[in-house]
Amino acid sequence: MKRILVSWIGRSDLLAVEESDSIGLGPIAQAVDGTGYDDIVLISDYPEQEVTCYLGWLATRTPTKITRHVARLTSPTNFTEIYEAAIAAVSETQKRYNNDTLITYHLSPGTPAMAAVWILLAKTLYPATLIQSSREYGVQVADIPFDISAEFIPRIARQIDERLEKLLAALPPEATEFDSIIHRNPVMQRLIAKARLAAIRSVPVLIEGESGTGKELLARAIHRAGIRAEKPFVAVNCGAIPSELVESEFFGHKKGAFTGAASDRKGYFESANSGTLFLDEIGELPLSAQVKILRVLQEGEVTRVGDARPIKLDVRIVAATNRSMMQEVAAGRFRADLFYRLAVAVLFIPPLRERQGDIGLLIDHFLEQAVIENCETRKKISASARNLLLCHPWPGNVRELLNTLRRATVWTTGDTIQADDIREALFPVALQRAEHILGRSIAEGFNIQGVIAEIARHYLQRGMDEGGGNKSKAAKILGLPNYQTLSNWLKKYGLE
Ligand SMILES: Nc1ncnc2c1ncn2[C@@H]1O[C@H](COP(=O)(O)OP(=O)(O)OP(=O)(O)O)[C@@H](O)[C@H]1O
């Protein structure tokens, strides 16, 4: 992740080249001194010559790359122009680093209008840390203890757009089955309204979204809101089934059908009969398995391995994937005929970083939950800790947020979670432990295998944690070829 400082160039920065005591370094040079940024993105509408002179001077003070953005403002207080220039610089930077950035805005250089726009952006569209600097106090993080998106989005959301209104008009007024999906973002509202429609119409549903966005949660809510609510909901992780076991796992088997088939066994389809079969990670299903599943869906019946008697099926299929199924079909990795059978209603859950307003709401919700799990009194969260959470890009989405808050709750000794507790929970890389491992004495007997095992156990555990207990996912995270190899490692290191 690249650390980027974004700032306007202010008058006191330009004057700093004179190196006079009365002016000092200027806010930008003050902020870049030894702070470890990977890129300093500077916006300016001052004349070319002055800016070039300043950038040359700044380059002698820092080895960090400096990227310049030219803005043409009719006035340094024109909010629209400042806003557009700021957005252009930040979005270009994010694109350049594939959104893998930790951005900081510098509030001090420039006019108050420029600072106001940074605050607005940091709290809404482009979350970032805010800093300010002064000659007396040096560089400080500006702690701004409110969440603009959380404050304003409810009001925006009330102005429901026409499409959502139409969707809602077709629905019964209450849908408590979806209450567990905490959201306030308008895109999520539309998604839930569509899910409610799909639920009552009993059609096959395909849910797409990154890992941890809540696909299974949505699938369960769809099941509960449909006419099969009282019937079984069977969740299957398609990525965890070895291809040679697909038939017996999905269709069941007769006793003696193959070595190891000690008794009759129902398959997932039969177990879910009259209810819902949730096919998680459908994109991981090998092509050979796709054909067999398609046949069952087309014929509406299943035959256990080793049996001749077909069993009639009445199963609703809800499938989920973190891949783009259209792309999988185009690349020939997923059968188009199976895709069209599954994708009658397609619901796309946006990643958490794109759901403005949801992070704050989820933080409050999970803090209450974490308390229930730990049986303690409710922890509060400081404004700077909340800001850190609001600014994090959450590649692991809601699951990562939940786990981070769980960890932070564990580490917090007082009644308020502080920014440091969040940092600790966000980056639980055991750096000190790593140093400790590398610095051990080898003079008096050493056990290299024991040390390697210690490292392996540490990362295997973290991989499983990050993958939510799913071995295929954990294998991918840890760079192992498949879940079987991971299983072998877990066994070898006593974690199975
Ligand atoms: N909007 C939400 N409100 C409350 N909890 C949520 C929300 N979204 C997800 N969660 C919680 O986050 C965790 C991950 O959600 P879930 O397992 O449904 O994600 P997923 O997309 O199916 O993940 P994967 O692709 O890794 O299987 C669960 O504990 C779930 O309850």
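Good morning. The structure is a predicted model, in which local features need pLDDT of at least 70, side-chain atom pairs count only at pLDDT 80 or more, and totals for chains, interfaces and linings use all residues. Residues are numbered from 1 along each chain as its sequence is written.

I begin with the overall composition. The protein contains 22 helices and 17 strands; these are DSSP runs numbered from the N terminus, with helices being H or I of at least four residues and strands E of at least two. Of the 496 residues, 34% are buried. Here a residue is buried if 20 or more other C-beta atoms lie within 10 Å of its own, exposed if 12 or fewer, and partly exposed in between, with C-beta atoms placed from the backbone. Among contacts with a separation of 6 or more, 73% are between residues 24 or more positions apart; two residues are in contact if their C-beta atoms, placed from the backbone, lie within 7 Å.

Let me turn to the strands. Strand S11, residues 276-280, is mostly covered, with five of its five residues buried. Thr276, Phe278 and Asp280 point one way from S11, while Leu277 and Leu279 point the other way. S11 runs parallel to strand S8 (residues 233-237), to which five bridges join it; strands are taken to pair if DSSP finds at least two bridges between them. Within that pairing, alanine 235 has phenylalanine 278 of S11 as its bridge partner. Four bridges join S11 to strand S14 (residues 316-321), again in parallel, and there threonine 276 is partnered with arginine 316.

S14 also pairs with strand S7, through four bridges and in parallel. In that pairing, threonine 321 is the bridge partner of glutamate 208.

What do the buried residues of helix H9 pack against? They pack against helix H8 (186-201), strand S7 (205-208), S8, S11, S14 and strand S15 (345-348). The buried residues of H9 are Lys215, Leu218, Ala219, Ala221, Ile222, His223 and Ala225.

H9 leads us to the ligand. Helix H9 (215-225) and helix H17 (397-411) each supply at least two residues of the shell around the ligand. Of the 17 residues around the ligand, Ile182, Gly214, Lys215, Glu216 and Val398 come nearest; a residue is near a molecule or strand if its C-beta atom, placed from the backbone, lies within 6 Å of it. The shell has five nonpolar, eight polar and four charged residues. In this classification Ala, Val, Leu, Ile, Met, Phe, Trp, Tyr, Cys and Pro count as nonpolar, Asp, Glu, Lys and Arg as charged, and the others, Gly among them, as polar. Because domain 2 (204-350) and domain 3 (354-426) both give residues to the shell, it lies between them. The domain bounds come from an automatic or database domain assignment.

Next, the nonpolar cores. In soluble globular proteins, nonpolar side chains tend to be buried together. A nonpolar core is a set of buried Ala, Val, Leu, Ile, Met, Phe, Trp, Tyr and Cys residues joined through C-beta atoms within 7 Å. The largest has 52 residues, of which Val6, Ala86, Tyr105, Trp118 and Leu401 touch the most other members. Helix H5 (residues 112-122) provides the largest share of this core, six residues. Domain 1 (2-142) and domain 3 (354-426) both contribute to this core, so it lies between them. Tyrosine 105 touches Val6, Ser7, Trp118, Ala122, Ala128 and Leu130, leaving aside residues up to four places away in sequence. Apart from this core lies another, of 42 residues, including Phe278, Ala319, Ala320 and Met325.

Aspartate 364 lies in helix H15 (residues 358-374) and is partly exposed, with 13 other C-beta atoms within 10 Å. Glutamate 496 is in the segment after helix H22 (483-492). Is glutamate 496 buried or exposed? Glutamate 496 counts as exposed, because it has 12 C-beta neighbours inside 10 Å. Glutamate 496 touches Ser487, Leu490 and Lys491, not counting residues up to four places away in sequence.
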